[in-house]
Amino acid sequence: DGYIIYRKCGSGSYKKLKTETGINNLSYCDKTAEKGKQYSYKIKAYIGKNYSAYSNVKTLKDKY
């Protein structure tokens with residue numbers, strides 16, 4: 001049980017970034033993001049083999 005984080009850069013396609021197990025850690029820091037690039041993230045929760053719909057998309061651009 002847990003959730004899967006998906007990320008895309010710019011207008012690219014979404015790729016699986018990380019699978020988190022359990023629900024104790026509900027935050028994530030993307031340490032692989034590159035400065036000045038725009039990324040979009042969405043997540044999908046799962047319990048066993050049952051998956052939720054994707055979350056709303058959050059788009060961010062690292063300014064630093």
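Modeller: Start with K42, which sits in strand 3, residues 38-47. Bear in mind that this is a predicted model. The protein chain averages a pLDDT of 90, and 95% of the residues score at least 70. By element, mean confidence is highest in strand 4 (residues 50-51), at 96. The lowest mean is 89, in strand 5 (residues 58-61). Where pLDDT is low, predicted coordinates should not be read in detail.

Is K42 buried or exposed? Its relative accessible area is 16%, so K42 counts as buried, the cut-off being under 20%.

What surrounds K42? Leave aside neighbours within four places in sequence. The contacts of K42 are then I4, I5, Y6, Y14, Y54, S55, N56 and V57. Take Y6 from that list. In sequence, K42 and Y6 are 36 residues apart. In space, their C-alpha atoms are 5.4 Å apart.

Now the charge. K42 is buried but has no salt bridge. Which side chain of opposite charge is nearest to K42? That is D30, and D30 is 15 Å away. A salt bridge would require a side-chain nitrogen within 4 Å of a carboxyl oxygen.

K42 does meet a ring, however. K42 lies over the face of Y54, 3.9 Å from the ring centre. K44 also lies over the face of Y54, at 4.1 Å from the ring centre. Y54 is also among the contacts of K42 listed above.

Next, ring against ring. How many aromatic pairs does a search of the whole structure find? The search finds 3. One of them joins Y39 and Y41. Their ring centres are 6.4 Å apart, with 40° between the planes, and the pair is tilted. Y39 and Y41 are both buried. Y46 and Y51 form another tilted pair. Here the centres are 5.8 Å apart, and the planes again make an angle of 40°. Y46 has 13% relative accessibility, so Y46 counts as buried.

Conventions. Residues numbered from 1 in each chain as written. Predicted model: local features only at pLDDT ≥ 70, side-chain atom pairs only at ≥ 80, totals over all residues. Heavy atoms only, no water. Phe/Tyr/Trp six-rings, centres within 6.5 Å; stacked < 30°, edge-to-face > 60°. Buried < 20%, exposed > 50% of the residue type's maximum accessible area, 1.4 Å probe, protein only. Lys NZ or Arg CZ within 6 Å of the ring centre and 35° of its normal. Helix = DSSP H or I, 4+ residues; strand = E, 2+ residues; numbered from the N terminus. Contact = heavy atoms within 4.5 Å. Lys, Arg positive; Asp, Glu negative; His and termini not counted. pLDDT = per-residue confidence, 0-100.
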